[in-house]
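Dear colleague,

I am passing the structure below on to you, and after it you will find a summary of what was found. Please read the two side by side.

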Amino acid sequence: MNYKVPASLKACLLALALTVPPASMALADTTLPAAATADQATATKLVYGLLSDSRYAYRPRALDETMAKDVFKRYLETLDGGKQFFTQADIDSFAPAQAGVAQAVKGGDLEPAFQVFAVYKKRVDQRMAYARKLLKQDFDFNGDEKFEYDREKVPWATDDKQLDALWRQSVMNDWLRLKLAGKKPDDIRKTLDKRYANLSKSVNELKAEDVFQFFLNAYTNAVDPHTDYFTPRTAENFNQQMSLSLEGIGAQLQKQDDVVVIREIIPGGPAAVDGTLKPGDRIVGVGQDKSGAIEDVIGWRIDDVVAKIRGSKDTQVRLEYIPAESGIDGAHRTVTLTRQKVRLAEQAAKGETMTVPAKDGEPQRRIGIIKLPGFYQDFEGRRRNATDYASATRDVAKLLAGFKADKLDGVVLDLRNNGGGSLDEAIELTGLFIEQGPVVQVRESGGRVTVNGDRSEKVSWDGPLAVLINRGSASASEIFAGAIQDYGRGLVIGETSFGKGTVQNIVDLDRWPASEGQRFGQVKLTIAQFFRVSGSSTQHKGVVPDIAFPASVDASEFGESTYDNALPWTRIAAVQHTQYGNFAPLLPKLESLHASRIAGDKEFQWWEQDVKQFREEKAKKYVSLNEAERMAEREKQENQRKERQAIRKQLGLPLDPLAEDSSDDGLTGNERDIVKDTAREKLADKRPDPLLHESAAILADALNLLEQDRPLSAQVLPQSTAPGRWAD
């Protein structure tokens with residue numbers, strides 16, 4: 001790639017949208033130190049040095065008093081974003097800790113963070129004890145009470161009485177959900193008592209490493225919403241996610257109560273090849289090699305169990321497990337597996353063929369669909385010139401070759417909820433659809449602009465193309481969709497995208513102290529801003545589709561515009577690039593055909609109704625605690641599902657495999673039957689997708705119009721011999 005970075009920062013360039021915040025986890029250490037370890041102190045100083053230096057950070061920020069307050073505010077939001085545990089008195093008592101934030105970061109002394117967390121841990125214990133005490137009584141669901149769950153902008157509770165009232169309503173809501181799902185009082189008490197006890201336990205068993213990461217990310221996120229700190233373990237997980245591969249047994253695990261349970265066996269992995277383990281089996285012990293002692297892992301946090309199971313390729317691991325059908329008190333069994341490199345194929349690009357039926361004398365069209373969940377790349381594999389390294393572009397190219405061999409009429413690339421990934425992959429993927437040319441402009445902190453582009457004249461697909469996006473399409477997705485739009489290479493359909501226009505680099509903190517092993521973690525650091533070849537930034541504004549679907553989520557609720565410290569929108573000079581087509585003359589006709597078709601498309605109309613209802617419910621920011629009212633809402637939803645399924649049968653439409661599912665079982669993810677929950681997830685992938693079907697129909701419309709109207713075709717696609725040749 002063309003973009004140059006300082007040698008000390010050379011790693012991998014990313015175009016990522018969101019980083020999932022660290023979740024509550026469980027481990028055995030219930031005590032936390034009052035100060036950081038030597039390694040944590042060093043890591044903190046290194047992070048501060050990076051983010052305050054314009055040679056590295058795109059927008060460095062001085063850690064002054066104003067920023068220190070912002071860091072502390074974000075730390076409190078990480079711990080208690082719903083304002084359910086701290087009172088205003090607690091916040092007032094944190095004044096000395098807040099005053100010491102700047103020195104804590106600069107000097108690597110995390111005593112303020114640990115002091116606040118100690119109070120948080122105590123408050124969680126108190127709240128959970130109160131919630132469990134409430135379960136001994138009965139509740140009256142005949143009144144007009146409302147549980148206001150959206151507490152982001154409410155003030156801190158003035159005292160414990162206010163928190164008592166909040167938690168009473170929270171417990172009532174949990175109880176009512178289970179009651180409406182058909183649970184009996186004794187079962188409800190048992191379920192909720194275990195839920196609250198587990199929540200308290202998960203917080204109490206957090207490690208100092210977790211608190212350290214929470215606090216340091218409060219600092220990095222204050223600098224930039226997409227700058228994050230990773231501990232060595234978090235960094236390993238992040239890199240595996242990007243490479244879609246790991247070395248282990250090939251099983252997806254989930255924590256359930258005190259036991260780690262197999263949720264899914266990954267096809268092609270050692271566990272799948274061996275065939276012994278299956279979903280629902282409980283792992284209770286792990287040993288290394290054929291004869292290593294087996295350690296009891298009951299009660300361990302899931303990432304510690306995973307760390308024991310993972311290991312270098314061709315090494316062996318012994319698992320002691322209880323078969324799913326035996327129950328928790330069943331006989332223990334043992335299996336020995338040889339670790340291998342496992343490809344996470346479920347998260348890779350997938351293809352299918354969709355048929356748009358013939359209508360009104362127009363031919364039947366076969367449209368290739370490619371669903372790309374992320375712009376993944378095995379950076380290490382590519383560095384080693386491995387022949388089989390994971391790459392989104394390589395996987396898509398294979399699918400396109402198959403579509404071409406099958407002589408499909410067009411391709412829809414589905415980038416909905418694709419949060420980004422490798423910048424290189426975004427550039428190379430664009431190159432599959434254009435001969436050669438610029439794809440994205442990258443501006444560094446000093447103002448220097450570098451143009452990155454596709455150098456290969458080879459085109460994998462020169463036929464009709466559409467790109468489907470939504471608000472969850474971010475960063476690398478926006479680079480690709482923006483380039484396709486600027487080149488006039490294809491139609492962009494859907495919702496306005498996320499609006500993230502910055503580039504991140506992974507910086508390994510172990511480089512500077514020249515340490516042996518992984519000690520200090522990594523930083524995902526914003527180092528540049530990207531711009532489309534047209535000169536416009538996607539920052540805040542995102543990519544606006546050519547054919548728009550109703551917005552499923554408001555820009556004020558999700559997207560770059562929701563970050564208070566995001567970079568503003570701007571633009572730079574455009575760079576010369578080929579204009580394969582100009583779809584402006586075609587869009588009014590496509591809009592008219594689209595509007596006419598969805599007027600008779602039940603699935604699309606139902607989707608619009610669901611979006612409207614969801615947004616109305618979300619705008620209320622509360623739920624009723626009146627049983628009759630909630631039951632009426634539930635019955636209305638269930639009747640609606642049944643009615644829709646009956647209409648599908650009547651019209652011969654594909655059935656919804658989840659139409660018979662209850663709208664709300666009242667359970668959390670780790671309380672459900674894992675085997676059934678996994679099966680339900682698989683069925684969800686097969687639900688009718690009216691947006692994807694309509695996107696294929698729009699692309700077929702475009703192809704039909706251009707074939708039938710030569711003057712229009714000449715106006716829309718003047719370069720008929722270039723890639724993007726839609727009609728011969």
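**Strand pairing and the overall picture**

Strand E19 (residues 491–494) and strand E22 pair in the parallel sense, over 2 bridges. Within this pair, Ile493 stands opposite Ile547 in E22. Please keep in mind throughout that this is a predicted model.

The pair belongs to an open sheet of 6 strands, whose order is E12-E13-E14-E18-E19-E22 and whose pairing is mixed. The edges of this sheet are formed by strand E12 (350–356) and strand E22 (547–548), each of which pairs on one side only.

Which strands pair with E21, and in what sense? Strand E20 (residues 502–508) runs antiparallel to E21 and is joined to it by 7 bridges, and here Thr502 stands opposite Gln529 in E21. Strand E16 (residues 437–444) also pairs with E21 in the antiparallel sense, over 4 bridges, with Val442 standing opposite Phe530. Strand E3 (residues 228–230), finally, is antiparallel to E21 as well and is joined to it by 3 bridges; in this case Tyr229 has Val523 of E21 as its bridge partner.

Turning to the protein as a whole, the model has 22 helices and 23 strands. Its radius of gyration is 27 Å, close to the 27 Å that the globule rule gives for 728 residues, so the protein is as compact as a globular protein of that length. Along the principal axes, the C-alpha trace spans about 75 × 65 × 60 Å. Of the 728 residues, 51% count as buried, and the protein exposes about 32,400 Å², of which carbon and sulfur atoms supply 49%. Among contacts between residues at least 6 apart in sequence, 77% join residues at least 24 apart. As for the charges, there are 98 positive and 107 negative ones, and their mean positions are 1 Å apart.

Leu244 is not a glycine, yet has a positive phi of about 55°. Leu244 is found in the loop between helix H10 (232–243) and strand E4 (245–248). Is Leu244 buried or exposed? Its relative accessibility is 2%, and because the cut-off for buried is under 20%, Leu244 counts as buried.

Asp289 likewise has a positive phi, of about 65°, although it is not a glycine. Asp289 lies in the loop between strand E7 (282–288) and strand E8 (294–296). With a relative accessible area of 45%, Asp289 is partly exposed, since that class takes in values between the 20% limit for buried and the 50% limit for exposed.

Definitions and conventions
Residues numbered from 1 in each chain as written. Predicted model: local features only at pLDDT ≥ 70, side-chain atom pairs only at ≥ 80, totals over all residues. Heavy atoms only, no water. Pairing = 2+ DSSP bridges. Rg over C-alpha atoms; globule rule 2.2 N^0.38 Å. Buried < 20%, exposed > 50% of the residue type's maximum accessible area, 1.4 Å probe, protein only. Contact = heavy atoms within 4.5 Å. Areas by Shrake-Rupley, 256 points an atom, 1.4 Å probe, with all protein chains shown as cover. Lys, Arg positive; Asp, Glu negative; His and termini not counted. Charge placed at Lys NZ, Arg CZ, Asp CG, Glu CD.
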